[in-house]
Amino acid sequence: MRLMLDTHVLLWALASPKQLGKDARAAIEDPANEVLFSAASIWEIAIKASLKRTDFRVSPAQIAVAALDSGFKELPVHSAAAAHTAKLPAHHRDPFDRLLIAQAVTEPAVFYTADAQLEVYSDLVRRI
């Protein structure tokens, strides 16, 4: 199965996996699954860290390296995903979340998130 991690889920998977819950953690750690993180998540971390957000006190470069070292695969932002954001209903205004959802849909990949507002976008979205 292909899994794509929302930005917070990526951070939890790397720094505090117990926050993921048993099922999500098992799926992420299962070597049979391909775990993806988006380049957009690294961009989001960079922006929010530069704004001194307390929930993003990490180096985006270190997160990217840690994710790759963990066996996760980086998903670039393709034009098909960027274009797909225009087709998404306006349930959620966060541009990062909208792009991540579009990536999950166009890849396709099951999208792990902690954000209940994102569940309405697709059957691929799994709230952990």
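Buried residues have under 20% relative accessible area, exposed ones over 50%, and partly exposed ones fall in between (1.4 Å probe, protein chains only). By this scale Glu-44 is buried, because its relative accessible area is 4%. The structure is a predicted model, in which local features need pLDDT of at least 70 and side-chain atom pairs count only at pLDDT 80 or more, while totals for chains, interfaces and linings use all residues. Residues are numbered from 1 along each chain as its sequence is written, and side-chain values use heavy atoms, with hydrogens and water left out.

Helix H3 is described first. Helices (H or I, at least four residues) and strands (E, at least two) are DSSP runs, numbered from the N terminus. Glu-44 and Lys-48 both lie in H3, four residues apart, or about one turn of the helix. The two form a salt bridge, with the closest N and O atoms 2.7 Å apart. A salt bridge is a side-chain nitrogen of Lys or Arg within 4 Å of a carboxyl oxygen of Asp or Glu. Lys-48 is buried too, at 11% relative accessible area.

Helix H1 (residues 7-15) packs against H3. Their axes come within 9 Å and cross at roughly 85°. Axes are lines fitted to C-alpha atoms, for helices over the stretch in contact, and angles run from 0 to 180 degrees between N-to-C directions. H1 is therefore roughly perpendicular to H3. Angles of 65 to 115 degrees fall in that class; those under 35 count as roughly parallel, those over 145 as roughly antiparallel, and the rest as oblique. Contact means heavy atoms within 4.5 Å. On the H1 side, Thr-7, Leu-10 and Leu-11 take part; they meet Ser-41, Ile-42, Glu-44 and Ile-45 of H3.

Ala-40 also belongs to H3. Its relative accessible area is 2%, so Ala-40 is buried. Neighbours within four places in sequence aside, Ala-40 contacts Val-77, Phe-96, Leu-99, Leu-100 and Gln-103. Asp-97 is 57 residues from Ala-40 in sequence, yet their C-alpha atoms are 9.2 Å apart.

Trp-43, Ile-47 and Leu-51 make a nonpolar patch of about 320 Å². Patches are made of residues with over 30% relative accessible area and no salt bridge; like charges are joined within 9 Å, nonpolar side chains (Val, Leu, Ile, Met, Phe, Trp, Tyr) within 5 Å. Accessible areas come from the Shrake-Rupley method with a 1.4 Å probe; for residues, only the protein chains shown count as cover. Leu-51 sits in the loop between helix H3 (39-50) and helix H4 (60-69). Leu-51 counts as exposed because its relative accessibility is 60%. Lys-52 lies in that loop between H3 and H4. Its phi is near 65°, a positive value in a residue other than glycine. Lys-52 is exposed, at 68% relative accessibility.

Five salt bridges are counted. Glu-34 pairs with Arg-2, the closest N and O atoms being 2.8 Å apart. This pair links distant parts of the chain, as Glu-34 is in strand S2 (residues 34-38) and Arg-2 in strand S1 (residues 2-5), 32 residues apart. Arg-2 also meets Glu-107 in a salt bridge (3.3 Å, N to O). Arg-2 is in S1 and Glu-107 in the loop between H6 and S4, so this pair ties together parts 105 residues apart in sequence. Glu-34 is partly exposed at 25%, Arg-2 at 27% and Glu-107 at 24%. Salt bridges with shared partners join Arg-2, Glu-34, Lys-73 and Glu-107 into one network.

Glu-107 has a further feature. The peptide bond from Glu-107 to Pro-108 is cis, with omega near -20°. Pro-108 lies in the loop between helix H6 (95-106) and strand S4 (110-113).
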